[in-house]
Amino acid sequence: MSTVEREPGPTDVDKAFLGSATYRSLGEQRLSPREERFEKARRTSGLFLAPLATVVMLLIPFDLPQQQHTLAAVLVGVVVLWVTEAVPIPVGGFLGIAAIVLLDVVPADEALAPFGSSTVFTFIGAFILAQAMLKHGLAKRFAMFVLDLPGVGTSTTRVIVAFGAITCLLSAFVSNTATVAMLLPTAIGILTVIAKLMQSQGVVEEDFDPLRLRVGAALMLMLAYGASVGGLLTPVGSPPNLIGRGLIEEATGETIPFLDWMLLALPVCALMFVALAVVLLLVNRPEIKRLEGVEEWVDTEKRELGRISRAEKNTLVAFVFTVTLWILPGVVALVAGPESGTYESVSGRLDEGVVAVLGASLLFLLPIDWERREFTLRWSDATKIDWGTVVLFGTGIIFGSLLASTGLAETIGKGAYNWLGLSSALLLTIFAVVLAIAVSETTSNTASAAVVVPIIIPIAMAADVNPFVPALAATFAASFGFMLPVSTPQNAIVYGSGVVPITRMIRSGISFDVLGAILIVILLPVMVSILGLGG
């Protein structure tokens, strides 16, 4: 056990989840002796490996422009810091930004510009909404609804799979980031109930750490990865879809209609979801399989919650307002078409980051006691959100932007192609998928699609191969960044819950990366052929 003193008595589960954070020192966790030895070794090794890897990369005489060479070296060092957690993960990003400016990769203003990305503001607004839902108990009410579904609440496996299915369906029409942001409080609410149930039944010790439960990691990763899978189902489900679809149309002259895209993606997504459930439940085996007495537990919790309060009603208003504006562009795309001027106008104005901060602002305008000028949320509540995740993803966007703007991603892609000497459609498709996944691990999925698809199309044409399937495969694979918190906004959001250690994210993510890549390579060409596309 950790030698650091802990407060005596049973764990306050609600307080643990409300005050969770992405990075916790060893003294803030309850670890077994074996876990503590491993964590000390992992974190200490990064202090030496990160600078060593950077220096070695700088000394290797790559045939690269100086700017690209230096960026690659710094990025390798930062990834080592992220994986080993030698310093808090957001701090690793800060060190990387400082290094790229000090080593003259780009000027400071250019390096920091991507930090103003809309996604960063989506995080801020969504985290504030989640804080209100957790504080006032609305997240717990949503969790009770899910656990009350017929046949679901008696098994952790069914809870995880059902929650993943809800996530997939929503993310087909709402952006992946928005879907995860809106469902995160419910996931935490469900996990809170499961943790309390385990505590009451003696499955865990009284003073256990609810943030280190495997069932929690499985549920949170299902939320993040399930959104990525569901986002592939429609052209508007994820930004990489629209980017890849547009580039393919420009290169081949063939448009993929909305319905054809769904028919193409449906079997791929269905099998991916099955593979996802298997991977997550095997890698993160829940401590408890059957949830005995969950119905009675839910009834008791509902009675304790009582009638819905004014604060909950206000939070619900802000939540519904935000979700409605997030969903609206998808509805317009279904009715008017994603190529219509109406869709472009609506989606441009209802940027998800702006909508998120607007919805969060309502929490500071809707009163719960007008006489005392007391509103739904205080700014002191907002300061408790995980700003570390905001910083972390901001730094990830910076590195993704630099990979594209310096040409390093293109150099890597074309260099790998020339080295491998690929010529067949199958080999090019495999290459496209692997490259897109590799790039997406250290950049956002949007940046991955914007970088990789334009590389694949001319390579395929030069090899006298129809670029339709390789480019489409790269588009799908761009959403497959599952190993690191910076790989996708969804990963960063669930990492911000404090429930998913980076080591679990890496183990689960690499397994699903491999399975997903195989499914794309096998199924996508078959579905394209069946539907008569890419001719």
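Visitor: Where is A473 found?
Guide: In this predicted model, A473 is found in helix α22.

Visitor: Buried or exposed?
Guide: A473 counts as buried, at 0% relative accessibility.

Visitor: What does A473 touch, leaving out residues up to four places away in sequence?
Guide: T429, V433, I520 and L524. T429 and V433 are among the residues of α20 that meet α22.

Visitor: How do α20 and α22 pack?
Guide: Helix α20, residues 425–440, and helix α22, residues 468–477, pack at an angle of about 25°, and their axes are 8 Å apart. That angle makes α20 roughly parallel to α22, since angles under 35 degrees count as roughly parallel.

Visitor: And which hand is the crossing of α20 and α22, left or right?
Guide: α20 passes α22 in a right-handed crossing.

Visitor: Which residues meet there?
Guide: From α20 they are A425, L428, T429, A432, V433, A436, I437 and S440. On the α22 side they are V469, P470, A473, A474 and A477.

Visitor: Now α11 and α22. What angle and distance there?
Guide: Helix α11, residues 239–252, packs with α22 at an angle of about 165°, and the axes are 9 Å apart. The two helices are therefore roughly antiparallel to each other. The crossing of α11 past α22 is right-handed.

Visitor: Which residues of α22 meet α11?
Guide: F468, A471, L472 and T475. Their partners in α11 are P240, N241, G244, I248 and T252.

Visitor: Different topic. How far is A473 from V355?
Guide: They are 31 Å apart in space, C-alpha to C-alpha, and 118 residues apart in sequence. V355 is one of the buried residues of helix α16.

Visitor: Which other residues of α16 are buried?
Guide: Besides V355, the buried residues of α16 (352–362) are E352, G353, A356, G359, A360 and L362.

Visitor: What covers them?
Guide: The cover of the buried residues of α16 includes α6 (118–136), α9 (176–200) and α14 (310–336).

Visitor: What caps the N-terminal end of α16?
Guide: D351 does, with a side-chain oxygen 2.9 Å from the backbone nitrogen of G353.

Visitor: On to the backbone. Which residues have a positive phi although they are not glycine?
Guide: E85 is one, with a phi of about 55°. R373 is another, also with a phi of about 55°. Most residues other than glycine have a negative phi.

Visitor: Where is E85, and is it buried or exposed?
Guide: E85 is found in the loop between α3 (66–84) and α4 (89–102). At 5% relative accessibility, E85 counts as buried.

Visitor: And where does R373 lie?
Guide: R373 lies in the loop between β1 (367–369) and β2 (374–375). R373 is partly exposed, with a relative accessible area of 48%.

Visitor: Last topic. How many disulfides are there?
Guide: Zero, in a search of the whole structure.

Visitor: Which cysteine sulfur is closest to that of C269?
Guide: The sulfur in C168, at 7.4 Å.

Key
Residues are numbered from 1 along each chain as its sequence is written. This is a predicted model: local features need pLDDT of at least 70, side-chain atom pairs count only at pLDDT 80 or more; totals for chains, interfaces and linings use all residues. Side-chain values use heavy atoms; hydrogens and water are left out. A disulfide is a pair of cysteine sulfur atoms within 2.5 Å. Buried means under 20% relative accessible area, exposed over 50%, partly exposed in between (1.4 Å probe, protein chains only). Helices (H or I, at least four residues) and strands (E, at least two) are DSSP runs, numbered from the N terminus. Contact means heavy atoms within 4.5 Å. A polar contact is a pair of N or O atoms within 3.5 Å; within protein, one must be able to donate a hydrogen and the other to accept it, and residues adjacent in sequence count only if both atoms are side-chain atoms. Axes are lines fitted to C-alpha atoms, for helices over the stretch in contact, and angles run from 0 to 180 degrees between N-to-C directions. Angles under 35 degrees count as roughly parallel, over 145 as roughly antiparallel, 65 to 115 as roughly perpendicular and the rest as oblique. A crossing is left-handed if the near helix is turned anticlockwise from the far one by less than a right angle, and right-handed if clockwise.
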